[in-house]
Amino acid sequence: MGDAFCSDCKKHTEVVCDHSAGDTVCSECGLVLESHSIDETSEWRIFANESGDNDPVRVGGPTNPLLTDGGLSTVIAKPNGASGDFLSTSLGRWQNRGSNPDRGLILAFKTIATMSDRLGLVATIKDRANEIYKKVEDQKSSRGRNQDALLAACLYIACRQEDKPRTVKEICSVANGASKKEIGRAKEYIVKQLGLEAGQSVEMGTIHAGDFMVCFAPHKMLC
């Protein structure tokens, strides 16, 4: 319920909103004051009866400009109760043939996100690490290298560039087994490759002792 000016009643009257039709109706004379209006609030109806899932969300994640299709590709899930290998069905074979060319990037971004979460890093650092990895990957020269070390090095560089440096030891603790030496080598490789691409040195940011104090001082875990 609300109020609006009714041209027939010549005054402000209470109105009734019919959300199913998108109409706003005068409660006194029944005049439709507005029709086919768009409800911009969240939709909480549930459309997952088959799976029994009570999650009413019907949208995916945000678009990602680093991916070919913006991260809006569709994956067909295996039907509930289906037996046998899904990929052996015609629908599964069709999806497998049209597999996402960005699958490797998506997996890499998920790994970076996991490491970032474990270190409590802000989203801007994670996004910067994704950008760095995408630039390295576009050069097609990182094949055969330790992927975990490469991703950890991207995160290390991103922390430096965002003025929230972390030690190699901290990065190593979430690097899925990559050693400090491997991360260091990967960092040097990335700096060299990106420097060659840009034709200049890669800005790494300056580290000061005070930058680490907020990480280790009691009750000030701000990094």
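How many of the 15 residues of α4 are buried? In this predicted model, 12 of them are, so α4 is largely enclosed by the rest of the structure. The helix takes up residues 147–161. From its first C-alpha to its last it reaches 21 Å, close to the 21 Å expected at 1.5 Å a residue. Its buried residues run from A149, L150, L151, A152, A153 and C154 on to L155, Y156, I157, A158, C159 and R160.

Helix α2 gives a second case to read in the same way. This helix covers residues 103–119, 17 residues in all, and spans 25 Å between its end C-alpha atoms, close to the 24 Å expected at 1.5 Å a residue. Its buried residues are L105, A108, F109, I112, A113, M115, S116 and L119. They cover an arc of only 165° around the axis, which puts them on the same side of α2. An α-helix has 3.6 residues a turn, so residues three or four places apart point the same way. On the face turned away from the buried side, α2 carries the exposed residues L107, K110, D117 and R118.

Strands of a sheet pair through backbone hydrogen bonds, either parallel or antiparallel.

Next come the individual pairings. Strand β2 (residues 11–18) runs antiparallel to β3 and is joined to it by four bridges. In this pairing V15 stands opposite C26 in β3. The hairpin of β2 and β3 has four residues between the strands, and G22 takes a positive phi near 75° there. Strand β3 (residues 23–26) is in turn joined to β4 by two bridges, again with antiparallel strands. T24 stands opposite E34 in β4. Five residues lie between β3 and β4 in their hairpin, where G30 in the turn has a positive phi of about 85°.

That leaves the cysteines. A disulfide is a covalent bond between the sulfur atoms of two cysteines. With a cut-off of 2.5 Å between the sulfur atoms, the count comes to zero disulfides. C9 is in no disulfide, and the nearest cysteine sulfur, that of C29, is 3.7 Å away. C29 is likewise in no disulfide; its nearest cysteine sulfur belongs to C6, at 3.5 Å.

Key: Residues numbered from 1 in each chain as written. Predicted model: local features only at pLDDT ≥ 70, side-chain atom pairs only at ≥ 80, totals over all residues. Heavy atoms only, no water. Pairing = 2+ DSSP bridges. Expected span 1.5 Å × (residues − 1). Buried < 20%, exposed > 50% of the residue type's maximum accessible area, 1.4 Å probe, protein only. Arc of directions from axis to C-beta.
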